[in-house]
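Please examine the model shown below before reading on.

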Amino acid sequence: MQDNEKQTFDLGLFVGDLALDEDGSSDDISLEGLQEELEECKNVEEVANILSKGTKLREYTKGVENNVRQVELDSIQDYITESDNLVLLHDQIRDCDIILSQMETILSGFQSEIGSISSEIKSLQEKSMDMGLKLKNRKGAESKLAKFVEDIIVPPRMVDIVIDGEVNDEYLRTLELLSRKLKFIEVDSMVKGSKALKDIQPELERLRQKVVAKVVIVCLLSLIENYNDLKVFEFITQKFNALRKPKTNIQILQQSVLLKYKYVILFLKEHGKEIYTEVRAAYVDTMNKVLSVHFRAYIQALEKLQLDIATATDLIGVETRSTGFLLRGREPLKYRSAVFALGERINILKEIDQPALIPHIAEANSVKYPYEVLFRSLHKLLMDTATSEYLFCDNFFGEESIFHEIFAGPFQVIDEHFNTILPNYYDAIGLMLMIRIIHQHQLIMFRRRIPCLDSYLDKVNISLWPRFKMVFDMHLNSLRNANIKALWEDDVHPHYVMRRYAEFTASLVHLNVEYGDGQLDLNLERLRMAVDDLLVKLAKAVVKPKLQTVFLINNYDMTIAILKEAGTGGGKLQEHFEELLKSNIGVYVEELLLEHFGDLIRFVKTNASEDTSTGAGKPSVADADPLVKDFANRWKAAIELMHKDVITSFSNFLCGMEILKAALTQLLLYYTRLSESVKKIPGGSALNKDLVSISSILYEIKKYSRTF
């Protein structure tokens, strides 16, 4: 504590000890900030000692001045003591200065010599760069000159191969080299002006002529087979002639033999255009004839397998006795029914990409096919052959136009066959199947990215539609102009004309499901209107009105059942016949009930709506009594008769049961209204004992419902 008290000081006392009054200018001195400066210097050891000990500044200053004076005297004494050494040091410094001056002179000489060497190095560098540039230019010139010499000279080996060599792989490589040399002298304008070309060009031209020479012996080709000196034209033409040999696989021969000599064709195309034209014409002529013969033979074989489905008289509205159905008894029943029903013929669209038929196998098995099967097989063969030939021509000749020249013959053969078949073809379903087959074939060729058959398939499609329209109109006119007397059969079951119509329509609807052809839908609507008129006329030929209704119901029910087999595509047509069926069922139910409960129904309809509490016309017990007793006596027997009538009248058992159910339900409604009317008659309670309970009638209805 005492030490701490000693280290503290009173600034006021310390300042008060200063004789500030002695200085006349003390009035101008400002002590502002002195406290802060003393606080900052508090950590300085000297200042801290002075402040802690309370030493006066003047005394401390004098002490410091004395110390400095003493140090100065000591320093002078030391200098005097070391004066000899300083003199020696001075001499040494002077000697060093002389030596350094000499070194400077030597280094200056070195600097001048180095500058001279630098100039020489720079000169050498420039010469080196100049020599490097010259070397680079000479190498570039050497490279171009070497390439020029290599491209323009004709080695002796090349001459020997072109003139005397056989046409083989080495010959083809030599042709490629010769072609490059010929292109070189034709393309580069600088080469044309060179003196070297004047020496070598005649030799190159003679070689070119040698390659494409000796082509004037075209007429002797058929007599000469092993004449090796005929060179390119004769060699390639002989390869083409191999295509004419019987049982030759053209595709294998093209891929394994002809494609190896692809460059020969390219050489002729570039350097022997006249010969190339003849070679091209020879190939076109060969393939045109070969393919025409192949397709003609295939078509003739297919014609033996053809099964005729329909004739000009096989129409919907023509009576059976006047058609050829009875005369074609040797045909299987399934094919005779195929005139109007699609059946298994739809499978041809599922087998669209299957291999073509092999005629001799089918003939050996005694199998015959509808024409659309043969049509698909013929066009499948055409697509595969055309695809192969198109790709080969594009690869071998480098041009697509040659394909159409080659296939002009095959197209003509197929057109002749088609023009023979089509005018005598009356199978509308077969025609629609062929239209769908053509559409599928177009998609196949599109997926293959092969456009060569586009125009042909469009032409076939365009020719099929008018024929289909004509045959369809024949069916339509057969319905419009039908002979009612000839068609009439004393039977209320479904008429064969209506069955034909339903099967025919369902077939076309099925074939139109995925295509949505609006024109076909319009034609089917026209056919529906015609058959509606015909069916009504046939129904009027029936004497009894109830049987007319039965006839209509049976035909409508059968038509709906067949249309349902076509799927959702028959929506509008099916809805139309369902509405007709519903309305005719309502008519039949009323007629059936009137037949067995006529008096009851007339009483209910006459009196049930009248106000029984008003005057004249009010029914009496005498009016209702016979009706109630009659119903109670024979209602079960009447229902049984109705049941037998329905069972014998309707071909479709389920439809008949639905009609019976509707009739019994309507009977229950009539009887309920009769019971309500009786209750409103004064004294009607006397008839309650004869009224049949509603529960009894319901029980009887349920009993028949169990057989549904």
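This is a predicted model: local features need pLDDT of at least 70, side-chain atom pairs count only at pLDDT 80 or more; totals for chains, interfaces and linings use all residues.

**A pair of packed helices**

Helix α26 crosses helix α27 in a left-handed manner. By class, 15 nonpolar, four polar and six charged residues make up the contact of α26 with α27.

Two packed helices are described by the angle between their axes and the distance between the axes. Helix α26 spans residues 545-564 and helix α27 spans residues 571-607; their axes lie 9 Å apart, at an angle of about 150 degrees. Angles over 145 degrees count as roughly antiparallel, and α26 and α27 are therefore roughly antiparallel to each other.

The view may now be widened to the chain. It contains 30 helices and two strands. Of its 708 residues, 40% are buried. Among contacts in the chain with a separation of 6 or more, 77% are between residues 24 or more positions apart. The accessible surface amounts to about 41,300 Å², and carbon and sulfur atoms account for 55% of that surface.

Ser366 is found in the loop between α17 (359-364) and β2 (369-370). Although Ser366 is not a glycine, its phi is positive, at about 55 degrees. Is Ser366 buried or exposed? Residues with over 50% relative accessible area count as exposed; Ser366, at 67% relative accessibility, is therefore exposed.

Arg449 lies in the loop between α21 (428-448) and α22 (454-480). Arg449 is a residue other than glycine with a positive phi, near 60 degrees. With a relative accessible area of 73%, Arg449 is exposed.

Methods. Residues are numbered from 1 along each chain as its sequence is written. Side-chain values use heavy atoms; hydrogens and water are left out. Axes are lines fitted to C-alpha atoms, for helices over the stretch in contact, and angles run from 0 to 180 degrees between N-to-C directions. Helices (H or I, at least four residues) and strands (E, at least two) are DSSP runs, numbered from the N terminus. Angles under 35 degrees count as roughly parallel, over 145 as roughly antiparallel, 65 to 115 as roughly perpendicular and the rest as oblique. A crossing is left-handed if the near helix is turned anticlockwise from the far one by less than a right angle, and right-handed if clockwise. Ala, Val, Leu, Ile, Met, Phe, Trp, Tyr, Cys and Pro count as nonpolar, Asp, Glu, Lys and Arg as charged, and the others, Gly among them, as polar. Buried means under 20% relative accessible area, exposed over 50%, partly exposed in between (1.4 Å probe, protein chains only). Contact means heavy atoms within 4.5 Å. Accessible areas come from the Shrake-Rupley method with a 1.4 Å probe; for residues, only the protein chains shown count as cover.
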